Amino acid sequence: MTDQNQPPVPPHQPTPPSAPQYQSAPQYNAAPPVGQPGGYGGQPASVPGKGLGIAGLITAIAGFFILPLVAPIAGLIMSIIAKNQSKRAGVANGPAKAGVIVSIIAIVLQVIGLIVLIVVLVAAAGSIAEACAELGPGTHYIDGITYTCS
């Protein structure tokens, strides 16, 4: 079917260009489009090192309960790496900073606890050696406690 008002286009000639399509003028103070950074419903922009910072924080906290001294050191290393990744990208990384702080606190508390444990064990061994020196060799029962001295 052909339009009555336009002459037919011969097959060897290209079709004439259509009218230019203009986009609407930009709207100022409008919300960003959905799905773009800062838009409603879109995914937030990712922070480099944030996942590693969260893992470092969790590892540091787990260090209080599981694998003393090993887990906080691993958490400290992960948190420092995450913090450096975020710093290079120019963004803040709260979980990485918290991981560094918690790791350092866990390491310090566990080292203090280890020192206290060593002091208590040395004192206990000293008192047993002192008791054996007084009692002499053999097995002795004093106040329900058995001392075996050699």
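Two strands pair if DSSP finds at least two bridges between them. Keep that rule in mind for the last part of the tour. The model on your screen is predicted.

**Stop 1: the whole chain**

Start with everything selected. The chain holds three helices and two strands. Read along the sequence, their pattern is α-α-α-β-β.

The accessible surface of the chain comes to about 11700 Å². Carbon and sulfur atoms account for 66% of that surface. Of the 150 residues in the chain, 17% are buried.

Next, think about contacts. Take those between residues at least 6 apart in sequence. Of these, 52% join residues at least 24 apart.

**Stop 2: helix 2**

Select residues 70–89. This is helix 2, with 20 residues. From its first C-alpha to its last, helix 2 reaches 29 Å. That is close to the 28 Å expected at 1.5 Å a residue.

Which residues of helix 2 are buried? Select Ala71, Pro72, Gly75, Leu76, Ser79, Ala82 and Ser86 to see them. Then turn the view to look down the axis of helix 2. The buried residues fall within an arc of 140°, so they line one face of the helix. An α-helix has 3.6 residues a turn, so residues three or four places apart point the same way.

What covers the buried residues of helix 2? The cover includes helix 1 (50–62) and helix 3 (94–135). Show both before you move on.

Finally, step off the end of the helix. Gly90 follows helix 2, and its phi is positive, near 80°.

**Stop 3**

Select Ala71, which sits in helix 2. Its relative accessibility is 9%, so Ala71 counts as buried, the cut-off being under 20%. Show what lies around it. Leaving out residues up to four places away in sequence, Ala71 touches Thr59, Ala60, Gly63 and Ile66. Pick out Ala60 from that list. Ala71 and Ala60 are eleven residues apart in sequence. In space they are 6.0 Å apart, C-alpha to C-alpha.

Now select Ser79, also in helix 2. Is Ser79 buried or exposed? Ser79 is buried, with a relative accessible area of 0%. Look for its contacts, again leaving aside neighbours within four places in sequence. Ser79 is in contact with Gly53, Gly56, Leu57, Ala96, Gly99 and Val100.

**Stop 4: the hairpin**

Select residues 138–142 and 145–149. These are strand 1 and strand 2. They pair in the antiparallel sense, over five bridges. Together, strand 1 and strand 2 form a hairpin with two residues between them. Click on Asp143 in the turn. Its phi is positive, about 55°.

Work across the pair. Ile142 stands opposite Ile145 in strand 2. His140 stands opposite Tyr147 in strand 2.

**Stop 5**

His140 is buried, with a relative accessible area of 18%. Where does a polar atom of its side chain lie 3.0 Å from a backbone oxygen? Select Gly136: the oxygen belongs to that residue. Not counting residues up to four places away in sequence, His140 touches Leu135, Ile145, Thr146, Tyr147 and Cys149.

Follow that list to Cys149, which lies in strand 2. Cys149 is buried, with a relative accessible area of 6%. Show its contacts, with residues up to four places away in sequence left out. Cys149 touches Cys132, Gly136, Pro137, Gly138 and His140.

End with Cys149 and Gly136 selected together. They are 13 residues apart in sequence. In space, the two are 6.8 Å apart, C-alpha to C-alpha. Gly136 also brings you back to His140, through the backbone oxygen at 3.0 Å.

Key:
Residues numbered from 1 in each chain as written. Predicted model: local features only at pLDDT ≥ 70, side-chain atom pairs only at ≥ 80, totals over all residues. Heavy atoms only, no water. Helix = DSSP H or I, 4+ residues; strand = E, 2+ residues; numbered from the N terminus. Expected span 1.5 Å × (residues − 1). Buried < 20%, exposed > 50% of the residue type's maximum accessible area, 1.4 Å probe, protein only. Arc of directions from axis to C-beta. Contact = heavy atoms within 4.5 Å. Polar contact = N/O pair within 3.5 Å; in protein donor to acceptor, adjacent residues only side chain to side chain. Areas by Shrake-Rupley, 256 points an atom, 1.4 Å probe, with all protein chains shown as cover.
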